[in-house]
Amino acid sequence: MKKMIGGPGTMIGLILRLGQCATAAASIGVMVSAPGFSSYTAFCFLVASMGLQMIWSFGLACIDVYAIRRKSDLRSPILLSLFTVGDWVTALLSLAASCSSAGVTVLFTKDTEFCRQTTLSCDRFQISVCLAFFNWILAAITSHTMFWILT
């Protein structure tokens, strides 16, 4: 097994996981604070996807803290396979939710000017989508790292 920067049980891996957890929580918080978000499926999908990402990242961050404190090695093939598949699933869900929410947001703000006609908080939608894309970038980094450690 290779030892790579950002792998499980390392300080950089912990920072990446905490960044994923924080951006997912912030995306959820901003989206939920926008009135009327629950009327649109893409935004509900974003909240659900970010919730799953937050739980997954927090769980792995806790495992990283334990491994760092105990100086344990988390590079067993079974654990790495589980981490890799979980990272792929959550990263793909994050990307799908971000893209669908971004499409709806662009439709509302640029194409139909729906935001000017209603009381929707399109600025909050845009901020939440940006945070979700940043979350996906962090998730892509960790899933890529896990894949290369596994191979």
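Modeller: Here are some questions and answers about this predicted model.

Biologist: What makes up the secondary structure of the protein, helices or strands?

Modeller: There are five helices and zero strands. Read from the N terminus, the elements go α-α-α-α-α.

Biologist: Which residues does the UniProt annotation "transmembrane region" cover?

Modeller: According to the unreviewed UniProt entry, that annotation covers residues 40-66 and 125-150. In the model, residues 40-66 are 96% helix and 0% strand, with the end C-alpha atoms 40 Å apart. Residues 125-150 are 100% helix and 0% strand, and their end C-alpha atoms are 37 Å apart.

Biologist: Why is Gly9 called buried?

Modeller: Buried means under 20% relative accessible area. Gly9 has 19% relative accessibility, so Gly9 counts as buried.

Biologist: Where does Gly9 lie, and which residues does Gly9 touch?

Modeller: Gly9 sits in the segment before helix H1 (11-33). Leaving aside residues up to four places away in sequence, Gly9 touches Asp64, Ala67, Ile68 and Leu74. As for Phe45, 36 residues away along the chain, its C-alpha atom is separated from that of Gly9 by 31 Å.

Biologist: How many of the residues in the protein count as buried?

Modeller: Of its 151 residues, 42% count as buried. The accessible surface comes to about 7900 Å², and 72% of that belongs to carbon and sulfur atoms.

Biologist: What does the C-alpha trace of the protein span along its principal axes?

Modeller: The trace spans about 55 × 25 × 20 Å.

Definitions and conventions
Residues numbered from 1 in each chain as written. Predicted model: local features only at pLDDT ≥ 70, side-chain atom pairs only at ≥ 80, totals over all residues. Heavy atoms only, no water. UniProt positions renumbered as here; feature names shortened; annotations may be inferred. Helix = DSSP H or I, 4+ residues; strand = E, 2+ residues; numbered from the N terminus. Buried < 20%, exposed > 50% of the residue type's maximum accessible area, 1.4 Å probe, protein only. Contact = heavy atoms within 4.5 Å. Areas by Shrake-Rupley, 256 points an atom, 1.4 Å probe, with all protein chains shown as cover.
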